[in-house]
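Dear colleague,

Please read the notes with the structure open beside them.

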Amino acid sequence: MQRAWSLVRETRLSPYTYDYDHAPAGWITLAGWAFPLPKQFEAFGNAINTGRFLMLLVHLASVVLLFEVTRRLSGTVLAATIAAFFFNLSPISVYYQRQVLLDNLMIFWMLLALYALLRRETTIRSALAGGIALGIALITKENALFFAPTFMYLLYRRIRGSASQRFTRTLWPFAAAAPVGAYVTYALLKNELMPSGLDFDLANPPADHVSLLYTLWWQINRSQGSLLNHHGLLYTSWLPRDSFLLLAGMATTVISLWWGMRKHRRDLGFFVAGTLGFGYAFYLLRGSVVLDFYITPLIPMFAMNIGMVTDRLLRRPVLRKVLGRASSKVRIAVPVLLAVMLLASPSTGYVLTVNTEGRVAVADQYQHKLALTHMQLAQIAWVRKHVSPKARIIMDDDMWGELHDVHPVYPYAHSHWNASSDPALRDKLFRKRWQNVDYIIMSNKMRNAIHRNNGDGRENWILAALRNSERVWADIRGGIRLEIYRVNK
């Protein structure tokens, strides 16, 4: 939302030095959404809520696309219904789908590209639309690249033997490459494609200008160890939120791969669904840095595989022989029974859960009773009442829009990420000296992020400012802690 604000207000891709950490189509979309609204970034209360409303619309569109894609791959409405069920009601999906994430936008474009290739007839028009949609997905979030091999194979199978085969197999990659080419051309025109002297030394980042290819090389070489260790996100975050979807999704993905690879000429749908799920799972498991929300694009892929495999198992000839005419009713009854069990059992967390007091309660992924929004509003209200707009502030990034877009504006309020990495802030405004910080607006999430981001000591001066400060405001509820510190000089 910060970068969308910069596009609307400053016609720049970022209010800071744009270092190509992400391709810009995501926040270009957010800017296009906010610009025509009556109050723009405050249309729904604040910048983040305005972005969340777009996420709601994107999710609704993605549900329709996932339903249609699954129906066309499987040939049945039941498989599509099961996929849509998990995409809507899975606790892990509920948790991430409302967040303003580039991944959610990428999912929409990826499903749209898949939908275009699965039209009844793959025409030149549908190939063009599918290629452009995949290209936009790639410049929304680069990890869409791990879906691309499946798309290429699907295109090959869909156009094989058609009259327009030669033209379409050239048009589709051209359409997919066009948005990516525009992004690369932007970097080239700004002389920011290659690092100076073609120096890709990760120990010595280029000092004179940022570089698209250097940033990509840095991202490829990041590593944090195995995701499967007991301290990784798989065990600490993802499985606790929804073990059923993840375990059933992985199992059905393997089954889809087996069926699709064993007789892929007949089971193209299973091969496509299996490789989509497997390709992105490989991306997560390959050993590079993985953040909590990186699981998001895997959710619709797992939901698709669960739906298709469940439908196929319920249509096995063995079931028909045993149940005869009743088999069609069983195909509906079993998924309905499973859905009821997931929704009614407190152990799943789909609708009911066991709270900290040991009582069955309605599951709530966001702890609404803690009134987190009101806590943040109180924090911002204190800042506006007691802190000068000229103060130099280090803060969490989720309140950037409030302090930069609503008067009085705080032009020197910056997130700790930017303050520690952007040379214009780190070396000129703050000069890496804690004495140049006036206030620190803190949350426990930000405190943890500072320590995680300080492996190379880049945030030592911010931590020094925190040690030399006094707390002037705090609100602590449940596991959430919001604080404001005034730095003593």
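Phe44 is partly exposed, with a relative accessible area of 34%, where buried means under 20%, exposed over 50% and partly exposed in between, using a 1.4 Å probe and protein chains only. Phe53 is likewise partly exposed, at 32%.

This is a predicted model, in which local features need pLDDT of at least 70 and side-chain atom pairs count only at pLDDT 80 or more, while totals for chains, interfaces and linings use all residues. Residues are numbered from 1 along each chain as its sequence is written, and side-chain values use heavy atoms, with hydrogens and water left out.

A search of the whole structure gives 25 aromatic pairs, counted when rings of Phe, Tyr or Trp (its six-membered ring) have centres within 6.5 Å, and called stacked with planes under 30 degrees apart, edge-to-face over 60 and tilted for the rest. One of them joins Tyr18 and Tyr20, which is tilted because the planes stand at 45°, with the centres 4.7 Å apart. Tyr18 is buried at 8% relative accessibility, and Tyr20 is buried at 0%. The pair of Phe44 and Phe53 is stacked, since its planes lie at 10°, with 4.3 Å between the ring centres.

Ring pairs also link Phe146, Phe147, Tyr280, Phe282, Tyr283, Phe293 and Tyr294 into a cluster.

Finally, there are charges over rings, meaning that NZ of Lys or CZ of Arg is within 6 Å of the ring centre and within 35 degrees of the ring normal. Arg241 has its charged end over the ring of Tyr95, 3.6 Å from the centre, and Arg3 lies over the face of Trp27, 4.8 Å from the ring centre.
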